[in-house]
Amino acid sequence: MAEPTPLHALETPCLLLDKAILRANVARMQVHLGGLGVSLRPHLKTAKSLDVARLAMASPAGPAIVSTLREAEYFAAGGVRDMIYGVGIAPAKLPRVAAIRAGGTDLAVILDSLGQAEAVAAHARASGDAVPVLIEVDADGHRSGVAPGDRDTLVAIGRALTEGGATLRGVLLHAGDSYSLSDPDALAAAAEDERVAAVTAAEILRAAGLPCPVVSVGSTPTAQFARDLTGVTEVRAGVFMFGDLFQAGVGAVAVADIAVSVLATVIGHQRAKGWIIVDAGWMALSRDRGTARQAVDQGYGLVCDLAGRPYPDLMVRDANQEHGIVAVRPGAEARLPDLPIGAQVRILPNHACATGAQHDRYHVLDADNRVAAIWPRINGW
């Protein structure tokens, strides 16, 4: 793009990305984790963009973690050579994993059952490819994983892999319950619980004579609030790059650190109801209403001026497919701003992953809030 494009020249709704905030968020996390003696493996499920990945990764080759094989294929084609596919492996997906690995990418998979381990081992024997595997361990009962003290299951999985021709690379944990917290001490405690669970599982494997070189933990909240990572080799986090209102409610980011927003145009007023209508509904913002479970409900997003400054207590109170209903937060004393037809606003998202998934590109802002580049992003599985 030869000349920066002013926001008023963009068709709305569209996705904006503040490059300076993105860079600052990445640098802050790298410094924090570096001080704790561990490396960052950025999760690219939020970004889904090679341009963003190159700012977040330690090198153009990685490391990184992804949530879909479509992401793995895309980033591998862009030169990323060290990746984890961070969703429990389905046996039918192993040929696709093999194709990515055959192209020169060290793609590891995760699993938490003996059945999956036996399927991976059978694939390794048949293909001659010693697929690297991390055993998913349950940090907090949030979702998947082997209990950290379940010696019999951990060892059985490890032996099925190593004796079957696959590679046992280590253990992987995700403290998903940290997303329900907001107190800094509670978040630090969750990070410590995650660390202890990871180290416990790793020690069980090693005591059984099994390899466990990688001890991988991570979520944006625990990564931000971890105070001690002894025994951990890497931390994974992804939403921290962009931030969102849910993470702001957790306390993992500040509202000022949210790097993505949706540009929208005022298309109508319902003055008797105190509404402003914009052309960004849930198709542009997503249906995610995660902040409704937090202390402050942000509706479908906070409304900002074109510089990214939130209007006092102004939110997208409701949304239809292509219409957003903007109003003052219930009970607040703020006044509805004077936004005429054709005026533009920026809307901060509840969930950066879900909002990003509604768009196929980022309009990347420079220091003057003009679009200096367009970065493509991908979707799909």
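Helices here are DSSP runs of H or I at least four residues long, numbered from the N terminus. I keep in mind that this is a predicted model.

**Entry 1, helix α3.** I started just after α3, where Gly-79 takes a positive phi of about 100 degrees. Then I went back into the helix, residues 69–77, and looked up its buried residues: Leu-69, Glu-71, Ala-72, Tyr-74, Phe-75 and Ala-76. I asked myself what covers the buried residues of α3. The cover includes the helices α2 (50–56) and α4 (94–102), along with the strands β3 (64–66), β4 (82–88), β5 (106–111) and β17 (371–376).

I found a count of three aromatic pairs. One of them is Tyr-74 with Phe-75, edge-to-face, at 4.9 Å centre to centre and 65 degrees between the planes. Tyr-74 counts as buried because its relative accessible area is 18%, under the 20% cut-off. Phe-75 is buried too, at 0%.

I traced an open sheet of eight strands in the order β2-β9-β8-β7-β6-β5-β4-β3, with parallel pairing. Its edge strands are β2 (39–42) and β3, each pairing on one side only. On average, neighbouring strands are turned by 30 degrees against each other, direction ignored. I zoomed in on β8 (214–217) and β9 (234–237), which run parallel and are joined by two bridges; Val-217 stands opposite Val-235 in β9. Helix α7 (184–207) packs on this sheet, touching β6 (132–137), β7 (167–173) and β8, and its direction makes about 160 degrees with that of β7.

I noted the charged end of Arg-287 over the ring of Trp-282, 4.1 Å from the ring centre. Arg-289 has its charged end over the ring of Tyr-300, 5.4 Å from the centre.

How values were computed: Residues are numbered from 1 along each chain as its sequence is written. This is a predicted model: local features need pLDDT of at least 70, side-chain atom pairs count only at pLDDT 80 or more; totals for chains, interfaces and linings use all residues. Side-chain values use heavy atoms; hydrogens and water are left out. Buried means under 20% relative accessible area, exposed over 50%, partly exposed in between (1.4 Å probe, protein chains only). Contact means heavy atoms within 4.5 Å. Two strands pair if DSSP finds at least two bridges between them. Axes are lines fitted to C-alpha atoms, for helices over the stretch in contact, and angles run from 0 to 180 degrees between N-to-C directions. Rings of Phe, Tyr and Trp (its six-membered ring) pair if their centres lie within 6.5 Å; planes under 30 degrees apart count as stacked, over 60 as edge-to-face and the rest as tilted. A charge sits over a ring if NZ of Lys or CZ of Arg is within 6 Å of the ring centre and within 35 degrees of the ring normal.
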